[in-house]
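Thanks for coming. Please have the viewer open.

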Amino acid sequence: MSDTNNEKHQQRQQKVKDKVDERIAAAQIEKGIFQVITGNGKGKSTSGFGTVTRCVGHGMKAAVCQFIKGTWPCGERNLLQGAGVEFAIMNTGFTWETQNKESDTAAAQATWQEAKRMLCDESINLVLLDEITYMITYGYIDLEEALEVISNRPAMQSVIVTGRGAHRKLTDLADTVSEVRNVKHAFDAGVKAQIGFDY
Ligand code: ATP
Ligand code: MG
């Protein structure tokens, strides 16, 4: 790079830096953040668990509710339970063949009661509600109640909701919304879910 080019580059970078510094200085609010991670691509739950790890790494308290049907292995759970993270897991004898609305609703509601307890516990800094969007879509958990409980949580508590097809009212309420887009996925090329990577 010639001297004049280098100078121009430095001036441009300085302008960018000034703008970023200005925005950093303007962001002064301290509060718990409500994040929704949705979309059809891979990376929603892993992102949520990444933030749980970040929280725990600072010596803060996190809790996880997994609204999954059936008992799936979960590498993050194996690790994080050992680090003192409380997990509430929705256990149903689920198979795709025998969907049972009544028992699914009861299972979702039981885990939702745990979630509600976490969402009013000031000692918990972060609550991950993994795959809860489906429970709301199926009507197992009432949308309006979920919005109310999330809105009324302790001021410094953060919440992460993951799952495809997040309801518009959830994304409207959220402070941060990330949509993970599916560009390609190994599964479509016939690769089965891999331990230590997909679960
Ligand atoms: P992950 O837990 O890997 O972050 P996710 O939470 O974004 O994935 P889910 O819809 O909860 O995605 O699905 C969980 C499982 O399905 C994972 O094993 C993941 O690899 C797989 N999966 C996620 N997205 C896709 C996709 N677009 N096509 C096929 N399989 C997928
Ligand atoms: Mg997921």
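When I say that parts pack or touch, I mean heavy atoms within 4.5 Å of each other. The model is a predicted one.

I start with helix H2, residues 44-57. Its 14 residues should span 20 Å at 1.5 Å a residue, and the C-alpha atoms at its ends are 20 Å apart, which agrees. Lys 44, Ser 45, Gly 48, Phe 49, Val 52 and Cys 55 are the buried residues in H2. Viewed down the helix axis, these buried residues fall within an arc of 125°, so they line one face of H2. Arg 54 and Gly 57, on the other side of H2, are exposed.

What do the buried residues of H2 pack against? The strands are E1 (34-38), E2 (62-66), E3 (86-89), E4 (126-130) and E5 (158-162), and helix H3 (75-82) is a partner as well. Just after H2, Gly 59 has a positive phi of about 75°.

Now helix H1, residues 3-26. How many of the 24 residues of H1 are buried? The count is zero, and H1 is hardly covered.

Last, Thr 171, which sits in helix H7, residues 168-173. Leaving out residues up to four places away in sequence, Thr 171 touches Val 36, Ala 166 and Val 177. From Thr 171 to Val 161 is 10 residues in sequence, and 9.7 Å in space from C-alpha to C-alpha.

That is where I stop.

Conventions:
Residues are numbered from 1 along each chain as its sequence is written. Chains are lettered from A and ligands numbered from 1 in the order in which they are written. This is a predicted model: local features need pLDDT of at least 70, side-chain atom pairs count only at pLDDT 80 or more; totals for chains, interfaces and linings use all residues. Side-chain values use heavy atoms; hydrogens and water are left out. Helices (H or I, at least four residues) and strands (E, at least two) are DSSP runs, numbered from the N terminus. The expected span of a helix is 1.5 Å times one less than its number of residues. Buried means under 20% relative accessible area, exposed over 50%, partly exposed in between (1.4 Å probe, protein chains only). The arc is that of the directions from the helix axis to the C-beta atoms.
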